[in-house]
Amino acid sequence: MDTADSDFVVLVVVATAESFSIIGFSLGAAIAIAATVEHKERIRSLVLLNGFAHAGDARSQLEFRFWRDLIDRDRDALVRLILLTGFTPEWFDALSVEDVDAIMSRMVSETNWSGMRRQIDVDLLVDVRREAASLSCPTLVIGSLYDHMVSPAHSRELTRLIPGARHVEIASGHLAPMEHPSRVLDVIEPFLRTTPTS
């Protein structure tokens, strides 16, 4: 994870951004935390959406191991599981059966399955609790009330770990950026506007 974090920050600096904010979603929240600790002088603020500091609890281990098994054995079933647990029932209201079938077909054919498997391996091992407790930049932690992939309890734990972190919960499933992008932006944008620029 350290190499990926460093590569990310180097790319941003090369693009002439001397300081910037990071938004991390799901596993990306742990990566954002690690990058912030390594490059404290450059990170202006941090937003963590539906993230987790670790996945050592029994439910997370069961879920991520199940996903990994399904990648190897039944990708159609994994796609169905992702849709059912990633979105709220209301998300489906605007869709027909044919719409859902088309979405599933695209996901099965277009997903980078080897990349997803590597991501799950990281999910199973990640633990940034110590790094989270050392953060000093303004941090907003967002959880989703109806998240059945990463329990909102994980966002609450992140808030307790990070000194001075603000915590907000929105009415969405785990895949909030796809399900309710406007709700996500309505929370993030005011926070970023109030973040000092130096």
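A salt bridge is a side-chain nitrogen of Lys or Arg within 4 Å of a carboxyl oxygen of Asp or Glu. In this predicted model, the side chains of R68 and D121 meet that description, with N and O 3.3 Å apart. Because R68 belongs to helix α3 and D121 to helix α7, the pair ties together parts that are 53 residues apart in sequence.

**Confidence**

The protein chain has a mean pLDDT of 92, and 90% of its residues reach 70 or more. Two stretches stay under 50: residues 1-6, for which the model has 14 contacts beyond four places in sequence, and residues 8-15, for which it has 10 such contacts.

**Salt bridges**

The structure holds six salt bridges. Three of them are listed here.

| Pair | N to O distance | Relative accessible area |
|---|---|---|
| R59 and E63 | 3.5 Å | R59 44%, E63 10% |
| R68 and D121 | 3.3 Å | R68 23%, D121 27% |
| R129 and D127 | 2.6 Å | R129 32%, D127 39% |

E63 and R59 both lie in helix α3, four residues apart, which is about one turn of the helix. Buried means under 20% relative accessible area, so E63, at 10%, counts as buried. R59, at 44%, is partly exposed.

In soluble globular proteins, nonpolar side chains tend to be buried together. The largest nonpolar core here has 44 residues, and those with the most contacts inside it are I33, L46, L48, L78 and L83. Two or more residues come from each of β1 (20-25), α2 (27-38), β2 (43-49), α3, α4, α6 and α7. Helix α2 gives the most, with six residues. Leaving aside residues up to four places away in sequence, I33 touches L46, L48, V128, E131, A132, L135 and L158. A second, separate core of 10 residues includes L49, I142, A176 and I188.

**Helix α4**

Helix α4 covers residues 75-86; at 1.5 Å a residue, its 12 residues should span 16 Å, and the end C-alpha atoms are 16 Å apart, so the two values agree. Its buried residues are A77, L78, V79, I82, L83, T85 and G86. Among the elements that cover these buried residues are α3 (58-73), α5 (89-92), α6 (97-110), α7 (113-125) and α10 (176-179).

Key: Residues numbered from 1 in each chain as written. Predicted model: local features only at pLDDT ≥ 70, side-chain atom pairs only at ≥ 80, totals over all residues. Heavy atoms only, no water. pLDDT = per-residue confidence, 0-100. Contact = heavy atoms within 4.5 Å. Expected span 1.5 Å × (residues − 1). Buried < 20%, exposed > 50% of the residue type's maximum accessible area, 1.4 Å probe, protein only. Core = buried A, V, L, I, M, F, W, Y, C linked by side-chain atoms within 4.5 Å.
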